[in-house]
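The following explanation leads the reader through a single protein chain, from one pair of packed elements to the chain as a whole. Please keep the sequence and the model in view while reading.

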Amino acid sequence: MSAMRGRWIPVVATAGAAVLLLSACAKEEESPGAGAAPSAGAGQVVQSGAPDGPTCSLDQMGYTKIDLKTAKVGFSQSEKEANPFRIAETQSIKDEAAKQGITQLTLTNANSQFTKQISDVEQMIDSGVQLLVVAPLNSDGWDSVFAKAKAKKVPIITIDRKINATPCTDYLTFIGSDFEEQGKRAADKMAEALGNKGSVAILLGSPGNNVTTLRTKGFKDQIAKIAPDVKIVFEQTGQFSREEGQKVSEQMLQANPDIAGIYAENDEMALGAVTALKGAGKSAGDVKIVSIDGTRGAVQGIVDGWLHSVIESNPRFGPLAFETATKFFNGEPVAQDIIISDREYTEANAKTDVANAY
């Protein structure tokens, strides 16, 4: 992986250039089986986003039709590509750009620094990009970017995290999961695992974005509704990081050695919790872990007995992002919110379906 800290890098997206993204993962964040070639896995399926809902078009925004094959396209990644979700997300953008014949693709990585992401995106606009795909780190603080993009008529497609702004005015559309529903589904699996009673810890995602807020809300609301005897006794951010997830879990286990369940708002924190449980002398299955993402390491954790279930959050945004952009530039209406359908991994399907994980 090319180092991208502190600068933005133009990338020519050829078919042979999109194969080495897994090689630079930090050792402590590698997943079981990370040395294997990445699976193409299951593509995203649209759950909602039909043209009968709120839409946006080229005419509505007053923008100009372009040919993506000859256009300058920018992609802004928010976090370091040691997290399997980010690896798969960036790879999907690169692979689909190559497939579509897009020859001027610029990639940047904010390395979890919000000010850098804003600077990255503004520099790409100044350099003449004609389409932006952005995986935002935070949900607020994008006003300067929107003003600059609007002035130059650059449509912005946001993926995987929502920005608190107005679609078809500030940005074109959002593509991602129903995060509150993911939290509700995780609560259903936790209640199932605990027989509707017991103490639970929550490993919260990074503050400042709607993914954390909605995954927390969905889980808490659903637990209160379906399993009031499941008590949340601990919650702290693990920053969506395996290392932080381990540290927080170690602290939690000191204060709550008899914890019955852990809800991790992403798989990296769940795998960090597994390490903490092993360090505390726990055996597989002693503490029920439910997580969200669908990484190969977490699905293998179900096979090995350490995780109870995983709600998928599919990171393969490339095909849907460029399909949406193509429709927009062809003058077709596109939905302002495009929600994808996410599967579940459980003991019943983890062993047979682990190859579909990322």
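A crossing of two helices is called right-handed if the near helix is turned clockwise from the far one by less than a right angle, and left-handed if it is turned anticlockwise. In this predicted model, helix 5 passes helix 6 in a right-handed crossing. Helix 5 spans residues 179-194 and helix 6 spans residues 210-226; their axes cross at roughly 40° and come within 7 Å. Helix 5 is therefore oblique to helix 6, since angles under 35 degrees would count as roughly parallel.

Helix 5 contributes to this contact through residues including Phe179, Ala186, Ala187, Met190 and Ala191, while helix 6 contributes, among others, Val211, Leu214, Phe219, Ile223 and Ile226. Charged residues also take part, among them Glu180, Lys184 and Asp188 of helix 5 and Arg215, Lys217 and Asp221 of helix 6. By class, the contact comprises 10 nonpolar, five polar and six charged residues.

Is Glu79 buried or exposed? Its relative accessible area is 9%, so Glu79 is buried, the cut-off being under 20%. Leaving aside residues up to four places away in sequence, Glu79 touches Arg86, Asn109, Asn111, Ser112, Leu137 and Arg161.

These sites belong to a chain with 11 helices and 16 strands. Of its 358 residues, 55% are buried. Among contacts with a separation of 6 or more, 77% join residues 24 or more positions apart. The chain exposes about 14,300 Å², and carbon and sulfur atoms supply 50% of that area.

Key. Residues numbered from 1 in each chain as written. Predicted model: local features only at pLDDT ≥ 70, side-chain atom pairs only at ≥ 80, totals over all residues. Heavy atoms only, no water. Helix = DSSP H or I, 4+ residues; strand = E, 2+ residues; numbered from the N terminus. Buried < 20%, exposed > 50% of the residue type's maximum accessible area, 1.4 Å probe, protein only. Contact = heavy atoms within 4.5 Å. Areas by Shrake-Rupley, 256 points an atom, 1.4 Å probe, with all protein chains shown as cover. Axes fitted to C-alpha atoms, helices over the stretch in contact; angles between N-to-C directions. Parallel < 35°, antiparallel > 145°, perpendicular 65-115°, else oblique.
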